[in-house]
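I am opening my notebook to look up a few things in this structure. I will write each entry as I go and keep the cut-offs beside the terms.

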Amino acid sequence: AQPPARGPWAPSPSPADRTSTPRPAAAPTTGMVVVEETSDAAEAKLAEKILLADADGHVMKWVVSKGEMRGRLHEPDNCVVTWLPDEAPAEGETPRTECGTLALKSLLPTGLQTVALGMDCGETCRVELGDAYGGGVGRKVTGALTMHWFLPVHELEGGGLVVTTALPEGAELGPELRPPQRRDFVRDDSVITVRFRETPGHGVPGAGSPWQTVKWQAKDGTVMEGLEVAALKLAVRDRAWVTMRGELTLPDVPPELPEGVEEDVFHLEVEIMDSRKVDKDKTNARGEERLANGQALREQGTALYKAGRVRRARVKWEAAVSHLNMLAAEDKMDDGSVKSANEACMDCQKYCYLNLALVKIAAKEYKAAEDDCIEALDIDKKCVKALFRRGLARIELEKWAEAEADLKQARRLGGAAVKEDVTRELVRLSALHKEQNGKDIDIVGGMFEENDFYDESEVAPVGEAYPMKGKDNESIKVMDVLEEINDLEEEDEDVVRMKKQEYYNNLIQSGQVRLYQPGDDDDDKKYEESLAA
């Protein structure tokens, strides 16, 4: 349906204007997408006009039918779209249904890419492209654009892992292509079943390679890291192309780092077969089971750290901290087993925090390291390692006083075992603090040497309180300083005397104090009686 002729300055057409234009009779017989006309008022409300943010108003769209699934497309993502221009197709031409990345100009004209980025899955829009967006100056193109499916593309771990969602195996492009209505995403507390096979390249089918099926519990470290991270971005029955490089091609068990692994690149075709939540996670596991899982993660992290795989060690320790966060409830009927299990969980968590602080200091993440040390000290306020490492972090954060207090406390608690290390750091702290003070003096010291704040007319002469100009404004001059000071003191004494007098008069008037006059026999007698009492 051709929209009414208008320029970018013209008002938006009403829904009635959009639906009153008849559709060409040949459209249903071409196999193209047919956009149903919205005839009644209720459906007309769906035809909400949306002007896209183009400076010249060359691209315009309005929604004809709402999408089945909410969401927005991103430029790196793939999508399946159908573009149906209103122009009569050439003989033998089929509808243009394509799948690809919007960033590729071969997929859609620039104007249609702009429209697609604002569409929901399953949504159909009427589009008008003018001038440059329509293929040439003075040429206007109109038609219908339907968004069938989003296929997200994930670039993770600094580009070391690329996950491109693909269409289901055997799916054919066409207007009838629709995504599943429900998607069960893989959780990080589930048992995952995946089948995969190697391919010659990213997105290249590996028809000659055999399928392999693997089943594992998330975070147990028994499969390639890249495969697990990719699975956690997908849903059950999803298919994807996965490319992983370097350490991402390794499992966490065994922890050893093979020589030359940095050059390894794997291309896989992956399909998620199943994802089931584990019977006992950290929320419903017993204290002993939670402690065993946390200790296993801590030990895996330690082994990875010793093997030089610091990044993976950090992931394991963070997982252990999260797993041990939930403690069992204690009550009066407890025989002590719950309390001892909770204490063991917190102790294991403390060592994980200490390890995390160590690797974060090495990575120059000083604020995060300080926070981890604070968490460890919340568990054990006399932990020497936590005090020492927090002191190191605070030195780098230029918290001089706090760092010195931490280091001295660590020396008091740790004794001879840490005396040498603490003394070395205290000397370093003192030198850095002195150096910083010198820099501050260099910056601030010469700031007031040259008077750039006032001109000469604004500076008072010697003996004047402030500059006075003109015959009518004579300045106040102090001739005798000592006499002026004595006068001020006398004025102050008068003020104090008046305040005391007012205070006592108020007490007498209120009856709280009785005025005593010496020489009055009655007053003398009452006064002596009051002293005797």
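I began with one salt bridge (a side-chain nitrogen of Lys or Arg within 4 Å of a carboxyl oxygen of Asp or Glu), and found that the side chains of Glu-404 and Lys-408 meet in such a pair at 2.8 Å, N to O. Both residues sit in helix H10 (residues 400-414), and because they are four residues apart there, about one helical turn separates them. I noted the cut-offs: buried means under 20% relative accessible area, exposed means over 50%, and partly exposed lies in between, with a 1.4 Å probe and protein chains only.

Before going further I wrote down what I am looking at: this is a predicted model, in which local features need pLDDT of at least 70 and side-chain atom pairs count only at pLDDT 80 or more, while totals for chains, interfaces and linings use all residues. Residues are numbered from 1 along each chain as its sequence is written, and side-chain values use heavy atoms, with hydrogens and water left out.

**Entry: salt bridges between loops and helices**

How many salt bridges does a search of the whole structure find? I looked it up, and the search gives 33. As a reminder to myself, side chains of opposite charge can pair when their charged atoms come close.

I next looked at Asp-252 and Arg-309, which form a salt bridge whose closest N and O atoms are 3.5 Å apart. Asp-252 lies in the loop between strand S11 (239-245) and strand S12 (265-277), and Arg-309 lies in the loop between H5 and helix H6 (310-323), so this pair ties together parts that are 57 residues apart in sequence. Are these two residues buried or exposed? Asp-252 counts as buried because its relative accessibility is 5%, and Arg-309 counts as buried at 1%.

A further pair is Lys-350 with Asp-380, where the closest N and O atoms are 3.4 Å apart. Lys-350 is in helix H7 (residues 337-362) and Asp-380 is in the loop between helix H8 (366-379) and helix H9 (384-396), so the pair ties together parts that are 30 residues apart in sequence. Here Lys-350 is buried at 7% relative accessibility, whereas Asp-380 is partly exposed at 27%.

I also found a network of salt bridges that links Glu-157, Glu-225, Glu-247, Asp-252, Arg-309, Arg-311, Arg-312 and Lys-316.

**Entry: a hairpin and some backbone angles**

Val-163 in S8 is the bridge partner of His-154. The hairpin has four residues between its strands, and Glu-157 takes a positive phi near 55° there. Glu-157 is partly exposed, with a relative accessible area of 42%.

I kept in mind that most residues other than glycine have a negative phi, and that most peptide bonds are trans. Lys-219 also has a positive phi, near 75°, and it is in the loop between strand S10 (212-217) and helix H4 (225-231). Which peptide bond is cis, with omega near 0°? I noted the one from Val-253 to Pro-254, and Pro-254 lies in the loop between S11 and S12.

**Entry: surface and whole protein**

Tyr-305, Val-310 and Leu-358 make a nonpolar surface patch of about 220 Å². Tyr-305 is found in helix H5 (residues 287-306) and counts as partly exposed at 35% relative accessibility.

For the whole protein I recorded 13 helices and twelve strands, and of its 533 residues, 36% count as buried. Among contacts (heavy atoms within 4.5 Å) between residues at least 6 apart in sequence, 63% join residues at least 24 apart.

Notes. Patch = residues over 30% accessible without salt bridge, like charges linked within 9 Å, V, L, I, M, F, W, Y side chains within 5 Å. Areas by Shrake-Rupley, 256 points an atom, 1.4 Å probe, with all protein chains shown as cover. Helix = DSSP H or I, 4+ residues; strand = E, 2+ residues; numbered from the N terminus. Pairing = 2+ DSSP bridges.
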